[in-house]
Amino acid sequence: LHSLTQLPSVVEDHPDQNMGCAASDPQNQRVEDELMADRAKMMREHRLLLLGPGNSGKSTFFKQLCSIHANGFQDIDKVNARQDIYTCIMTQMHHLVNELMINIQEQEEDGADAGDDAFEYKLTGEVKQAAEFFESMKGTELNAETAKMVTTLWNDPSIKRAFEKRTSLAVVDSASYFFESVDRIVSGDYHPTNDDILLVRASTTGIRTASFEIEENRFTIVDVGGQRNERSKWIHQFSVVDAILFVASLSCYDMNLFEDETTNAMHESIHLFDNVVNNRYFRNSSIILFLNKSDLFETKIRTKSIKPCFPDYDGDDNDKNSALEYISDIFASVNKDGGRQIYTHVTCATDTSNVQRVFNDVQHGIVVASLAKNGIM
C-alpha cells in the first residue's frame, strides 16, 4: 500500500520525462496519419489483369473500357485503327478465300455439301480472278481496285457460304462488317468510327496498360496477348494483382485455333482458364469470368449444336439457355478450390452499354473485396 501511494510523487519528481512524452505525441500522430493515408491510397488502387485466348474479344473489352472511362477514343487511336482496318480487310479476305479453296477441294473429292441444304461451290469470271489474287496475296494495299475485288467476292454466294461454314479462327467474326463497309473505308475522306475501332481485329502483342479513376478508385488494367506465343509474358504480371478478368468466347465451340487447326477453340479456352484459376500466383486474386460474344452465340445456337464440342451435353440442340448453363458449369468445374467463388458475367464486348453495366458491377465487387481484405468490412 505504501509503495502504491508513492507512485504519483515519483512522476512529479521527473518533469523532464513527462515533457518528453508530451513532445513525442504530435510526431507519433503525424507518422500514424501518414501511414493511414498511404494505406487508404493503396486500398483505392486496383490492378486488374485481362486474360483470355486469342479472338475471345479480350482486346475489344480493353478498348471499350478505355473509351468509356478515358474520355473516348483519341486522334491517335483513329490513326492507328485506320491502318489496322486496311490490313484487316486484305488479310481476312485472303484467309476466307483459302477456306473457300479448301471447301472446293473437298467438294471435288466428296461431292457437294451433305445435309438438307446441299450447296455447290463454284467460281467463274471476275469472282475467280479476284479469288486467285487474294489466294496468292500479290499485295496487301487496300485501294480502289482491291476494294472492288473485295466487293465482287463478298457478293458471291460461294464466299458467303464459306464464311458461314468457316471452322478456323483465322477468319474473325467482324470480317463481314468490314467487307460490307469497304466502299466507305476506301474513300479519301475516311475517318474510323467508334464501331470500326472496336470491331477491327489486331492481335495484341506484348503488354498494354490503361489507368482510369472511378468514384475515387484508380484501376489499372493490363492487357496481355492471348495467342499461345504471347502467354509466356503473363508470368511477368503475376505480382500484386487484385483481380483476373478472364474473357472467353461463347461462340467458338465449333471453331479451331488459328495457331493450331487441330485444337478446338472452346477446349483451349477451358484449358487455359483451368491454368489461370488454379495458378498459385492468383490464389489471393478475385476471378471474374466474362462469357463473351453472347450475340453471336445466340445466333449460332439456332443452327449449330454444342454436342460435337461437348458429347456429354444432353440438352436441346437449339436451346441457348440450356447450352449457356452447360458451358458455364464446365468453366466453373475446373476450379479446384471449393471455397473460392468465380464471378461469371455473360457479355457482348461490342455493346458499350453492356460493358459499362457489367464493369460497374465488377469494379464495385473489387472495391468491396479490397475493403474486406483490409479488415474494413
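**Strands, helices and salt bridges: a chat**

Colleague: How does Lys-304 count, as buried, exposed or partly exposed?
Modeller: Lys-304 has a relative accessible area of 22%, and the model I am reading that from is a predicted one. Buried would call for a value under 20% and exposed for one over 50%. The value for Lys-304 therefore falls in between, and the residue is partly exposed.

Colleague: Nice. Which residue forms a salt bridge with Lys-304?
Modeller: Side chains of opposite charge can pair when their charged atoms come close. For Lys-304 the closest N and O atoms of the pair are 2.8 Å apart, and the partner is Asp-254.

Colleague: How far apart in the chain are Asp-254 and Lys-304?
Modeller: Asp-254 and Lys-304 form a salt bridge. Asp-254 sits in the loop between S4 and H11, and Lys-304 in the loop between H12 and H13. The pair thus links distant parts of the chain, with a separation of 50 residues.

Colleague: Which residue of helix H12 does Asp-254 also pair with, and why does that tie separate parts together?
Modeller: Another salt bridge of Asp-254 has its closest N and O atoms 2.7 Å apart, and the partner is Lys-300. Because that lysine lies in helix H12 (residues 294-300) while Asp-254 is in the loop between S4 and H11, the pair ties together parts 46 residues apart in sequence. Both ends are buried, Asp-254 at 18% and Lys-300 at 16%. So the residue you asked for, in helix H12, is Lys-300.

Colleague: How many bridges join strand S4 to strand S5?
Modeller: Strands S4 (residues 243-249) and S5 (residues 286-292) run parallel. One spot to look at is Ile-244, which stands opposite Ile-287 in S5. The number of bridges joining S4 and S5 is 7.

Colleague: How far apart are the axes of H11 and H13?
Modeller: Two packed helices are described by the angle between their axes and the distance between the axes. For H11 and H13 the angle is about 35 degrees, and the distance is 9 Å.

Colleague: How many nonpolar residues does the contact of H11 with H13 have?
Modeller: H11 and H13 pack with their axes 9 Å apart. H11 brings Met-266, Ser-269, Ile-270 and Phe-273, and H13 brings Ile-327, Ile-330 and Phe-331. By class there are no charged residues and 1 polar one, and the nonpolar count is 6.

Methods: Residues are numbered from 1 along each chain as its sequence is written. This is a predicted model: local features need pLDDT of at least 70, side-chain atom pairs count only at pLDDT 80 or more; totals for chains, interfaces and linings use all residues. Side-chain values use heavy atoms; hydrogens and water are left out. Two strands pair if DSSP finds at least two bridges between them. Helices (H or I, at least four residues) and strands (E, at least two) are DSSP runs, numbered from the N terminus. Axes are lines fitted to C-alpha atoms, for helices over the stretch in contact, and angles run from 0 to 180 degrees between N-to-C directions. Contact means heavy atoms within 4.5 Å. Ala, Val, Leu, Ile, Met, Phe, Trp, Tyr, Cys and Pro count as nonpolar, Asp, Glu, Lys and Arg as charged, and the others, Gly among them, as polar. A salt bridge is a side-chain nitrogen of Lys or Arg within 4 Å of a carboxyl oxygen of Asp or Glu. Buried means under 20% relative accessible area, exposed over 50%, partly exposed in between (1.4 Å probe, protein chains only).
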